[in-house]
Amino acid sequence: MISVDNVFFKYPGSKTDTIHGVSFKVNQGEIFGFLGPSGAGKSTLQKILTGVLRDYRGSVRVFETEVKDRNNLFYENIGVDFEFPNFYGKFTALENLNYFASLYSRKTIDPMQLLELVGLHNDADKKVINFSKGMKMRLGFIRSILHDPKLLFLDEPTSGLDPANARTIKDMILEQKRLGKTVILTTHNMHDAEELCDRVAFIVDGEIKALDAPLALRKHIRDKEVKYAYSQGEKVLEGTTLLSKLHNDKDFIRILNNGSLTSIHSKEQTLEDVFIELTGRCLH
Ligand SMILES: Nc1ncnc2c1ncn2[C@@H]1O[C@H](COP(=O)(O)OP(=O)(O)O)[C@@H](O)[C@H]1O
Ligand SMILES: [Mg+2]
């Protein structure tokens with residue numbers, strides 16, 4: 001569905017490349033994620049994939065088309081949700097959706113039905129200029145699926161949404177997958193990446209540092225941290241060790257044998273722990 005080979009990109013006026021030799025493939029029907037901190041190059045990469053930034057080196061093929069050479073038909077089959085969606089502020093939500101729907105030659109979904117799905121049906125006749133960021137985000141998301149595209153690009157679709165609205169959008173993304181659609185998603189949220197994505201690329205400084213299924217990426221961290229507490233007189237003290245070292249950790253064995261252990265638990269490593277281990281960087 002998508003084949004990216006050794007892509008480099010430099011913004012006009014910038015001295016250095018923002019994207020450095022990125023290669024990957026996306027299969028039909030998968031949710032493919034880019035996970036990385038702010039400034040990693042996720043939005044830049046999405047703009048390259050969607051034909052907004054065409055001055056790249058290397059090859060980017062989407063539906064067998066080199067994106068540089070795309071024509072307008074290209075946009076009939078892809079849906080794009082931008083990080084900062086633009087709307088006509090003086091028009092209502094419904095007028096905006098009707099306008100964008102009119103740009104497609106293919107059949108579009110009833111905008112009212114989509115507004116209802118994201119809880120905006122009572123705001124259909126409000127001008128978008130009066131929408132909150134979260135409302136615009138939801139509107140941007142439904143605009144991207146208006147024409148029922150086969151391939152969807154979502155740039156931080158849940159960022160800044162409250163938990164209930166984020167849940168709605170995540171369920172709708174999973175529904176797209178059930179319908180057989182392919183989804184490319186960028187996020188700096190490890191929970192979203194883990195829950196939604198079949199495969200995740202870790203991106204830092206415009207480079208892919210690792211790429212695999214979330215579960216497979218987690219296997220990079222073999223050791224678990226163990227935290228325990230023990231009593232000493234009136235005080236409760238804490239200790240930390242690694243699961244693999246527990247059996248010959250002298251302090252721990254002593255505490256275990258003298259009966260002063262009061263609690264013990266192993267900490268599950270998160271996808272962010274793996275991210276830090278593999279890239280040397282945090283997600284924030
Ligand atoms: N229009 C632009 N011109 C020059 N540099 C840009 C432009 N847009 C983004 N950048 C730079 O490119 C890098 C990657 O940005 P971006 O793709 O927005 O990252 P992310 O989406 O991962 O937060 C950043 O260093 C950013 O400052
Ligand atoms: Mg971004």
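Guide: Domain bounds here come from an automatic or database domain assignment. That assignment gives domain 1 (2-218) and domain 2 (225-268). This is a predicted model: local features need pLDDT of at least 70, side-chain atom pairs count only at pLDDT 80 or more, and totals for chains, interfaces and linings use all residues. Residues are numbered from 1 along each chain as its sequence is written, while chains are lettered from A and ligands numbered from 1 in the order in which they are written.

Visitor: What separates the centres of domain 1 and domain 2?

Guide: 47 Å, taken over C-alpha atoms. The C-alpha atoms of the protein fill a box of roughly 75 × 45 × 35 Å along the principal axes.

Visitor: How many helices and strands?

Guide: 10 helices and 13 strands. Both are DSSP runs, numbered from the N terminus: helices are H or I with at least four residues, strands are E with at least two.

Visitor: Switch to β11. Which strands does β11 pair with?

Guide: β11 (residues 225-232) pairs with β12 (residues 235-242), antiparallel, over eight bridges. β11 also pairs with β13 (residues 261-267), again antiparallel, over six bridges. Pairing means that DSSP finds at least two bridges between two strands.

Visitor: What stands opposite Val-226 in β12, and what stands opposite Lys-227 in β13?

Guide: Val-226 faces Thr-241. Lys-227 faces His-265.

Visitor: And the turn between β11 and β12, what is in there?

Guide: Two residues lie between the strands of that hairpin. Gly-233 in the turn has a positive phi of about 65 degrees.

Visitor: New topic: Phe-9. Buried or exposed?

Guide: Phe-9 is buried, because 23 C-beta neighbours lie inside 10 Å. The cut-offs: 20 or more other C-beta atoms within 10 Å is buried, 12 or fewer is exposed, in between is partly exposed, with C-beta atoms placed from the backbone. Of the 284 residues, 33% count as buried.

Visitor: Where is Phe-9, and what does Phe-9 touch?

Guide: Phe-9 sits in β1 (residues 2-9). Beyond residues up to four places away in sequence, Phe-9 touches several others, among them Thr-18, Thr-44 and Ile-48. Contact means C-beta atoms, placed from the backbone, within 7 Å.

Terms used:
Contact = placed C-beta atoms within 7 Å.
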